[in-house]
Amino acid sequence: MKNILIIDDDVYIGNMLEETLGKEGYQVSRAYSGTEALYALSASKPDLILLDLMLPGLSGEEVLPQIKGIPVIVVSAKIDVDDKVALLLGGAADYITKPFEMKELLARITVALRKASAPVNFVECSRSVLAFDDLRLDMATHEVFAGQHGRRAFQRVNLTRTEYAILKILMQNPSQVLAKSVLLERMSEETPDCTESSLKTHISHLRKKLRDIGGKEYIDAVWGIGFKMKSE
């Protein structure tokens, strides 16, 4: 059963949503302020969030950036296009304006949950996506995905900023052995905190994260020279 968290201080609307969603087979939890919502999220992770913007304490706009990995549908009386665009670009999965038709909201919930549960499947790679073997690196979103033992279903790899920068440079030069000094120079603008002494540790962690998901090695250490993407 999917769990939906309603973050809204309007008791009437919250009760109406809870009753309707319950009849549709969803499990529902409630939060009446931004602060209470963050506390609830620290205790459990719902499958989807319905977020009002006009909340006591922390506003919906302040809460949204702190929600990670959960689809959020903003439910608000604000109708300004710029507000909608800003929230969608800021991480919201969808936006519906009050007052709303319940059928439309239920449809939007179904779509958001379907997108969240669908496996990542790259049929084509755009110019912003680097591909090597069954690795995919999206330079637009800074996300990395690895195939699971050669399958076409991909799983997200959670990398640090430094690990992402290392992998991007290696994937941009897949056939080259890159010396440590070259890696550090090219990474300097994005990750100035990485040093020659810490580079080996960062690459070790990167290799392990990729190996844990993909089930194989993706990066070769070339003794005395540097690193390169591992060819089959």
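This is a predicted model: local features need pLDDT of at least 70, side-chain atom pairs count only at pLDDT 80 or more; totals for chains, interfaces and linings use all residues.
View 1. Residues are numbered from 1 along each chain as its sequence is written, and side-chain values use heavy atoms, with hydrogens and water left out. Helices (H or I, at least four residues) and strands (E, at least two) are DSSP runs numbered from the N terminus. Angles run from 0 to 180 degrees between N-to-C directions of lines fitted to C-alpha atoms, for helices over the stretch in contact, where contact means heavy atoms within 4.5 Å.

View 2. Two bridges link β10 with β12, residues 226–229. Look for leucine 178, which stands opposite phenylalanine 227 of β12.

**View 3. Five parallel strands make another open sheet.** Their order is β2-β1-β3-β4-β5. At the edges are β2 (27–31) and β5 (94–97), each of which pairs on one side only. On average, neighbouring strands here are turned by 20° against each other, direction ignored. Strand β1, residues 3–7, runs parallel to β2 and is joined to it by five bridges; asparagine 3 has glutamine 27 in β2 as its bridge partner. Helix α1 (residues 11–23) lies across β1, β2 and β3 (48–51), at about 165° to β2.

**View 4. A salt bridge and a cis peptide bond share lysine 98.** The side chains of lysine 98 and aspartate 52 meet in a salt bridge, 3.4 Å from N to O. Aspartate 52 sits in the loop between β3 and α3 (60–63) and lysine 98 in the loop between β5 and α5, so the pair ties together parts that are 46 residues apart in sequence. The whole structure holds 14 salt bridges (a side-chain nitrogen of Lys or Arg within 4 Å of a carboxyl oxygen of Asp or Glu). The peptide bond from lysine 98 to proline 99 is cis, with omega near -10°, and proline 99 lies in the loop between β5 and α5.

**View 5. Strands β6 and β7 form a hairpin.** Strands β6 (residues 129–132) and β7 (residues 135–138) pair antiparallel over four bridges, with leucine 135 of β7 as the bridge partner of phenylalanine 132. Two residues stand between the strands. Aspartate 133, in the loop between β6 and β7, has a positive phi of about 55° although it is not a glycine.

**View 6. The largest pocket has a volume of about 850 Å³.** Its lining has 24 residues, with Gly69, Ile70, Pro71, Ala116 and Arg156 nearest the centre. Helix α5 (residues 102–117) gives the most, with seven residues. The lining divides into eleven nonpolar, four polar and nine charged residues, with Ala, Val, Leu, Ile, Met, Phe, Trp, Tyr, Cys and Pro as nonpolar, Asp, Glu, Lys and Arg as charged, and the others, Gly among them, as polar. A pocket is an open set of points, on a 1 Å grid over the protein atoms alone, where a 1.4 Å probe fits, with protein on both sides within 12 Å along at least five of seven lines; lining residues have an atom within 4 Å of a point. Points are joined across faces, edges and corners, and the volume is the space filled by probe spheres set on them.

Methods. Two strands pair if DSSP finds at least two bridges between them.
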